[in-house]
Amino acid sequence: AGDWQGREDSISLAVGDIAPQISGGSPRRKTLRILRSIMSQVEVEEILHLVQVEACNSGEPLSNPVATPHHLLANDGEWRSGSLVAVVKPVVEERLLPYMRMQLGCTDLAV
């Protein structure tokens, strides 16, 4: 899908409470998909550099005692501007979203 020429490794995970296993039921299964080589080494290095030098957001509610620093790259379906967005956006738009649309059968999946 898209420009991505890597490979996917999948891991099946059991999620949820252990109680269904004890009562003879089975846990819900989820799939973790690992997308190998979806980014080049240069892209990874650039992203790692940019997240260290660009200021983080911390828009946690006041009721949350733990602030989680993060980089807000898109909001309400619109990409923001900045050098980090310039690197991440093509990866998401040209590789990740086409892959996810194909895997999920959802042609209108968007950021």
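**View 1. Arg7, Asp9 and Arg36 join up in a network of salt bridges.** A salt bridge here is a side-chain nitrogen of Lys or Arg within 4 Å of a carboxyl oxygen of Asp or Glu. This is a predicted model, in which local features need pLDDT of at least 70 and side-chain atom pairs count only at pLDDT 80 or more, while totals for chains, interfaces and linings use all residues. Residues are numbered from 1 along each chain as its sequence is written, and side-chain values use heavy atoms, with hydrogens and water left out. Start with Asp9, whose side chain meets that of Arg7 at 3.1 Å, N to O. Asp9 also pairs with Arg36, with the closest N and O atoms 2.8 Å apart. Strands (E, at least two residues) and helices (H or I, at least four) are DSSP runs, numbered from the N terminus. Asp9 is partly exposed at 22% relative accessibility, and so is Arg36 at 37%. For these terms, buried means under 20% relative accessible area, exposed means over 50%, and partly exposed lies in between (1.4 Å probe, protein chains only).

**View 2. A salt bridge connects Glu43 and Arg95.** Here the N to O distance is 2.8 Å. Glu43 sits in helix α2 and Arg95 in helix α3, so the pair ties together parts that are 52 residues apart in sequence. Is Glu43 buried or exposed? Glu43 counts as buried, at 16% relative accessibility. Arg95 is buried too, with a relative accessible area of 15%.

**View 3. Helix α2 has a buried side and a face turned away from it.** The helix covers residues 41-53, 13 residues in total, and reaches 19 Å from its first C-alpha to its last. That is close to the 18 Å expected at 1.5 Å a residue, where the expected span is 1.5 Å times one less than the number of residues. Which residues of α2 are buried? They are Glu43, Ile47 and Leu50. These cover an arc of only 70° around the axis, which puts them on the same side of α2; the arc is that of the directions from the helix axis to the C-beta atoms. Their cover includes α3 (83-104), judged by contact, meaning heavy atoms within 4.5 Å. On the face turned away, look for the exposed residues Gln41, Val42, Gln52 and Val53.

**View 4. Ile11, Leu13 and Leu32 make a nonpolar surface patch.** The patch comes to about 230 Å², with areas from the Shrake-Rupley method with a 1.4 Å probe; for residues, only the protein chains shown count as cover. Patches are made of residues with over 30% relative accessible area and no salt bridge: like charges are joined within 9 Å, and nonpolar side chains (Val, Leu, Ile, Met, Phe, Trp, Tyr) within 5 Å. Leu32 lies in strand β2 (residues 28-36) and is partly exposed, with a relative accessible area of 39%.

**View 5. Glu78 is an exposed residue, at 55% relative accessibility.** You can find Glu78 in strand β4 (residues 78-79). The C-alpha atoms of Glu78 and Ala110 are separated by 9.9 Å, and the two residues are 32 apart along the chain.
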